[in-house]
Amino acid sequence: MNRQICLITGATSGIGKAAALALAKRNYELILIGRNNKKAKKVRYDIKKKTGNNHVNYFVCDLSLLQDVRSTADKIKNDYDRIDVLINNAGAKFLRHQLTKERIELTFATNHLGHFMLTLSLIDLLKRSQSARIINVSSGAHYAGNGVIENILTAHNYDGRKQYSNSKLANVIFTYALADKLKGRGIVANAVDPGGVATNFARNNGLWHWVKHRIYYLRKRQLLTPEEGAETLVFLASSDDVIGITGKYFVEMKEKRSSDISYDKALQNEIWELSVKLSSIDLEVL
């Protein structure tokens, strides 16, 4: 088989960009997904210049909008005959309640539902790989999730921090449910906590919230560079050590037990059914 093809969402900054650069150095062909055309174009140029790897393409997509995800997935399927690695990395935290124009709560749409739809929309391309890998970027914040994962339509009693934790819990739950459904299909799915990384994450909520995020990890002496945060993503994407391993949660390149509630099969089925309903995805792809 030719060079491995890896798609990365949220690839224009932070750990997504760092992972893309690392994999380009390993001669992967890259499909970058970003919201901003100018930034995506620049990142593609920078990666090509730094690595000499010219096999870098990008698509502009707002993962919070299901219509945009559908359209982008169709374009990717038109241009590529397979995908070997899918890294669902893009994420955000919104402390103020917001709905997308499709009436999906913005944190839930961005962190979970868009990736749910993108993954299932590209399953046929992943099936064509000899050994495909799906990597869902979660967070240690998922341990604070209470399992009440829903599309919150009103601002009444909305808690942005809790919604973020539950969206990251949804990442883990989706990973486990997907791994079960794909057993025997030649596709593995794992989740990862990249740790506290020094990026612009959460800066959209104001400078103070962004500074607090950094101070928290600085005090714990756990504030990582984007390159350090991307190490486990790159490990799961490229290492022979994880061939065949599926349905696991990784931290610092090692398996770790996720929250107890994330293993609840009833909750996994509930979130899966909610995601199918909201996205109107055709489950025949599985």
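Biologist: Which residues line the second largest cavity?

Modeller: Start with the general idea. Rolling a probe the size of a water molecule over the atoms shows where empty space is left. Keep in mind that this is a predicted model. Here, the lining of the second largest cavity is made up of Asn88, Asn111, His112, His115, Asn136, Asn171 and Phe174.

Biologist: Okay, and which elements give two or more residues to that lining?

Modeller: Those are α4 (106-121) and α6 (160-181). The top contributor is α4, with 3 residues.

Biologist: How many of the residues in that lining are nonpolar, polar or charged?

Modeller: Sorted by class, you get 6 polar and 1 nonpolar, with no charged residues. The space inside comes to about 40 Å³.

Biologist: How many cavities of 30 Å³ or more does a search of the whole structure find?

Modeller: The search turns up 3 of them. In the largest cavity there's about 60 Å³ of space.

Biologist: And what lines the largest cavity?

Modeller: Look for Ser131, Arg133, Ile134, Ile135, Val188, Asn190, Leu236, Val242, Ile243 and Gly244. Two elements, β5 (132-137) and β6 (187-193), each give two or more residues to this lining. Of the elements, β5 gives the most, with 3 residues.

Biologist: How does the lining of the largest cavity divide by class into nonpolar, polar and charged?

Modeller: For the largest cavity, count 6 nonpolar, 3 polar and 1 charged. Now go back to the second largest cavity, where the lining has 6 polar residues and 1 nonpolar.

Methods
Residues numbered from 1 in each chain as written. Predicted model: local features only at pLDDT ≥ 70, side-chain atom pairs only at ≥ 80, totals over all residues. Heavy atoms only, no water. 1 Å grid on protein atoms, 1.4 Å probe; cavity = no way out; pocket = protein on both sides within 12 Å on 5 of 7 lines; lining within 4 Å. Points joined across faces, edges and corners; volume = space filled by probe spheres on them. Helix = DSSP H or I, 4+ residues; strand = E, 2+ residues; numbered from the N terminus. Nonpolar A, V, L, I, M, F, W, Y, C, P; charged D, E, K, R; others polar.
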